[in-house]
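This note is intended for a colleague who is meeting the structure for the first time. Please read the points below with the sequence and the model at hand.

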Amino acid sequence: MRMQLTVISGPDQGRTFVLAPEQPLTIGRGADTVTKLQDPTVSRQHCVVDAGGGVARLIDSGGSGGVFVNRAKVTSVELKPGDVVQLGNTVLRLDVDLANETTMMGAPVQPAAPPPSADLSSLVGKKVHHYSVVRELARGKTGTVFYAKHDEDGRELALKVLWPELCRDDEQMQRFIRAMKTMLPVRHENIVRIYNAGKAGPHYWVAMEYVDGESLTQVIERIGLGGMLDWQYAFRVATHIGRALEAAHGQQIIHRNITPANILLRLSDKTAKLGDLMLAKALEGTAANQITKPGQLVGDLAYMSPERTRGADDVDCRSDMYGLGATVYALLTGHPPFVEKSLPALISRIRNEEPAKPSKKQLAIPPMFEGVVMQMLNKKPEERFETPSDLLRDLDRVGKFHGVKL
């Protein structure tokens with residue numbers, strides 16, 4: 001079965017683009033794209049459609065105004081025959097079986113709704129549930145995190161409030177609350193603790209342990225400017241988060257999105273803590289995959305395992321270990337295993353190329369530790385560590401051999 005995208009509205013109406021399984025199709029008006037659309041409202045590299053494995057997956061490249069599939073804004077979604085894609089003033093349809101393409105004609109396409117907007121900064125100085133919101137800490141793909149205090153005992157906490165765009169289906173949000181509350185009994189030194197979750201007025205929220213520190217994203221940004229960290233720093237992070245994954249694995253929980261942004265480093269004792277555990281699972285079925293900011297997708301994708309770039313749903317803890325390996329690699333070198341501005345190029349390298357050994361950037365890295373990192377980054381899940389406990393055993397050997405204190 002062959003697939004193609006047909007332009008059904010816009011300056012390029014009537015043009016078709018065949019999807020080749022071996023080469024993702026970049027859609028945009030840039031001279032370096034196959035499409036070279038004439039629509040001035042389309043970005044130079046607006047989105048990518050990857051047809052590998054017989055499935056067409058669309059990925060937003062951060063194009064201006066976003067991408068809409070069947071009138072819903074998306075960042076990464078599997079396309080089905082007849083699906084309608086809109087970017088700017090250009091509308092395309094996914095067709096199959098080129099010899100019978102006239103049978104795929106659909107109803108007239110309605111203009112897509114304008115992209116949603118959200119700003120939660122107005123919550124500062126107000127109350128959400130029993131929490132007084134003091135200041136904003138960070139913004140991410142799924143919401144804004146605030147520093148807050150409990151009204152009754154003054155306890156410090158981090159309060160994540162989801163973007164309103166995620167919260168339009170109350171039934172799905174109730175499932176989100178129930179899923180997050182399954183984390184309440186999970187307590188581990190290297191996991192950001194969940195205190196509560198619920199709804200206050202129009203807002204859905206999660207109350208979490210406040211970690212006075214910084215994310216590894218901030219650490220890596222400093223590395224890029226000021227040089228590399230000692231390998232023992234990365235070793236401690238690998239061990240701490242390995243312990244977090246071991247605890248999660250014991251509860252049959254898969255993180256699904258381990259990146260530097262989801263790991264916090266407490267300033268007082270340099271303890272690494274894994275955050276947003278269970279969040280990806282809790283938001284399944286919501287609009288979470290439809291909301292992003294330019295550049296976020298590329299940043300997340302750089303730490304994504306090869307199987308996840310193919311949209312695999314049956315990922316396990318070995319996919320989490322790839323994310324940890326990519327994060328540790330970035331601590332050692334100042335950048336993730338592969339760096340590309342183009343999504344198709346990045347996807348191709350993650351799937352097909354071996355990353356350069358971090359010792360090429362930092363000669364002091366012991367071969368034993370480098371071997372552990374490279375095993376976490378293996379293309380095939382079965383050739384990574386089978387469980388976090390297996391990873392920790394190898395890290396323990398490295399630590400004992402080199403006398404590293406945790």
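The numbered points that follow treat strands, a pair of helices and some individual residues in turn.

1. The structure is a predicted model.

2. Is strand E16 (residues 203-208) enclosed or open? Six of its six residues are buried, so the strand is largely enclosed by the rest of the structure. His203, Trp205 and Ala207 point one way from E16, while Tyr204, Val206 and Met208 point the other way. The residues on both sides of the strand are buried.

3. Pairing of E16 with E15. Strand E15 (residues 194-200) and E16 run antiparallel and are joined by six bridges. Ala200 has His203 as its bridge partner in E16. The two strands form a hairpin with two residues between them. Gly201, in the turn of this hairpin, has a positive phi of about 60°.

4. Pairing of E16 with E14. E14 is also antiparallel to E16, and four bridges join these two strands. Within E16, Ala207 is the residue that stands opposite Leu159. Ala207 belongs to the group that points the same way as His203 and Trp205.

5. Glu152 is located in the loop between strand E13 (143-150) and strand E14 (156-162). Glu152 counts as exposed because its relative accessibility is 69%, and the cut-off for that class is over 50%.

6. Helices H7 and H9. How do helix H7 (residues 317-333) and helix H9 (residues 367-376) cross? Their axes come within 7 Å and cross at roughly 135°. The crossing is left-handed. On the H7 side, the contact is made by Met321, Tyr322, Leu324, Gly325, Val328, Tyr329 and Leu332; on the H9 side, by Phe369, Val373 and Met376. By class, these residues divide into nine nonpolar, one polar and no charged.

7. Burial of H9. The buried residues in H9 are Phe369, Glu370, Val372, Val373, Met374 and Met376. What covers them includes helix H3 (231-250), H7 and helix H10 (388-402).

8. Is Arg266 buried or exposed? With a relative accessible area of 17%, Arg266 is buried, since the class requires a value under 20%. This arginine has its place in strand E18. When its neighbours within four places in sequence are left aside, Arg266 is in contact with Glu189, Glu209, Val211, Asp212, Gly213, Thr271 and Lys273.

9. Two loop residues with positive phi. Lys270 lies in the loop between strand E18 (263-266) and strand E19 (272-274). Its phi is near 65°, a positive value in a residue other than glycine. Lys270 is partly exposed, with a relative accessible area of 46%. His129, in the loop between strand E11 (127-128) and strand E12 (131-139), likewise has a positive phi, near 60°. His129 counts as partly exposed at 35% relative accessibility.

Technical notes: Residues are numbered from 1 along each chain as its sequence is written. This is a predicted model: local features need pLDDT of at least 70, side-chain atom pairs count only at pLDDT 80 or more; totals for chains, interfaces and linings use all residues. Side-chain values use heavy atoms; hydrogens and water are left out. Buried means under 20% relative accessible area, exposed over 50%, partly exposed in between (1.4 Å probe, protein chains only). Axes are lines fitted to C-alpha atoms, for helices over the stretch in contact, and angles run from 0 to 180 degrees between N-to-C directions. A crossing is left-handed if the near helix is turned anticlockwise from the far one by less than a right angle, and right-handed if clockwise. Contact means heavy atoms within 4.5 Å. Ala, Val, Leu, Ile, Met, Phe, Trp, Tyr, Cys and Pro count as nonpolar, Asp, Glu, Lys and Arg as charged, and the others, Gly among them, as polar. Two strands pair if DSSP finds at least two bridges between them.
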